[in-house]
Amino acid sequence: MAGRGRPRAFDRTTALRRAMAVFWTRGYAGASMTDLTGAMGINSPSLYAAFGSKEQLFREAVTYYDEVESAAAAEALHAGPTARDAIAEVFRINVEAYTDPDKPRGCMIVLAATAEADYSEGLRSHVAELRRSTERGFRERIERGINDGDVPAGTDAAALAAFYHTVLQGMSLEARDGASRAALAAVAESALAAWDVLTVRRPAAPAAATPQ
């Protein structure tokens, strides 16, 4: 019976998850093909047949990370009763995730930014968009809080989202450098303590004087 190709002798999702762990630990440039094929349990021809290239494998791995490892924080951001509660829960979840002893430290998407010189323009844009989506999620949740009344009207949602996103990214780098869970939790607590100052109602700018 002609026309049927030989079926793959490995589970693609399992192989992708293992590749994700290698990239998460070693970075894009630091992950050799030997590292990847060894972890995935396949040979190079099978890797290229299933994923096309190392770059495409990394693109799929970082997307898989975003879908799986970021799911709990994304759900917390949506489900929190107030914007502050939601962002506080995102920080709590990430503090635990960044220091999980069973996984590489830090956020794969944030850490990927440190190696962008090794990426093609398309891959660089893909990773940058994944980072921007987190900040966009913060902004949308803050804007929802303004509409719901739990964030003061006049709060600069974009600036507030950028602040908390920047703190979160810094915590990821600190985690990779060995910061303890307690140290990261203290950073999160300090950032959240600034909430009331950062969301204070801002007075309207005075109207410009009319020329006489």
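# Close-up views of a predicted helical model

By class, 16 nonpolar, nine polar and seven charged residues make up the lining of the largest pocket. The model shown in these views is predicted.

**Figure 1. The largest pocket and the residues around its centre.** The volume of this pocket is about 620 Å³. Its lining is made of 32 residues. Ser70, Ala73, Ala74, Asn94 and Thr134 lie nearest the centre. Rolling a probe the size of a water molecule over the atoms shows where empty space is left.

**Figure 2. Helices that line the largest pocket.** Which helix gives the most to the lining? Helix H8 does, with seven residues. H8 covers residues 121–148. At least two lining residues also come from each of H4 (54–68), H5 (71–79), H6 (83–98), H7 (108–112) and H9 (157–176).

**Figure 3. The whole chain, for orientation.** The chain has eleven helices and zero strands. Along the sequence, the pattern reads α-α-α-α-α-α-α-α-α-α-α. The chain has 212 residues, and 38% of them count as buried. Among contacts with a separation of 6 or more, 69% are between residues 24 or more positions apart. The accessible surface of the chain is about 11,500 Å². Carbon and sulfur atoms hold 53% of that surface.

Figure 4. The whole structure contains ten salt bridges. One of them pairs glutamate 60 with arginine 12, and their closest N and O atoms are 2.9 Å apart. This pair links distant parts of the chain, with the two residues 48 apart. Glutamate 60 sits in helix H4, and arginine 12 in helix H1 (residues 12–30). Side chains of opposite charge can pair when their charged atoms come close.

**Figure 5. The salt bridge of glutamate 129 and arginine 136.** The side chains of these two residues meet at 2.7 Å, N to O. Glutamate 129 has a relative accessible area of 31%, so it counts as partly exposed. Arginine 136 is partly exposed too, with a value of 28%.

Figure 6. Arginine 144 forms a salt bridge with aspartate 148. The closest N and O atoms of this pair are 3.8 Å apart. What separates the two residues along the helix? About one helical turn does, because they are four residues apart in H8. Arginine 144 is partly exposed, with a relative accessible area of 30%. Aspartate 148 counts as exposed, at 52% relative accessibility. In a further view, salt bridges with shared partners join Glu89, Arg92 and Glu96 into one network.

Figure 7. Histidine 165 belongs to helix H9. Is histidine 165 buried or exposed? At 6% relative accessibility, histidine 165 counts as buried, because the cut-off for buried is under 20%. Which residues does histidine 165 touch, leaving out those up to four places away in sequence? Arg131, Thr134, Glu135 and Phe138 are its contacts on that count.

Technical notes
Residues are numbered from 1 along each chain as its sequence is written. This is a predicted model: local features need pLDDT of at least 70, side-chain atom pairs count only at pLDDT 80 or more; totals for chains, interfaces and linings use all residues. Side-chain values use heavy atoms; hydrogens and water are left out. On a 1 Å grid over the protein atoms alone, a cavity is a set of points where a 1.4 Å probe fits but cannot get out, and a pocket is an open set with protein on both sides within 12 Å along at least five of seven lines; lining residues have an atom within 4 Å of a point. Grid points are joined across faces, edges and corners, and a volume is the space filled by probe spheres set on the points. Ala, Val, Leu, Ile, Met, Phe, Trp, Tyr, Cys and Pro count as nonpolar, Asp, Glu, Lys and Arg as charged, and the others, Gly among them, as polar. Buried means under 20% relative accessible area, exposed over 50%, partly exposed in between (1.4 Å probe, protein chains only). Contact means heavy atoms within 4.5 Å. Accessible areas come from the Shrake-Rupley method with a 1.4 Å probe; for residues, only the protein chains shown count as cover. A salt bridge is a side-chain nitrogen of Lys or Arg within 4 Å of a carboxyl oxygen of Asp or Glu.
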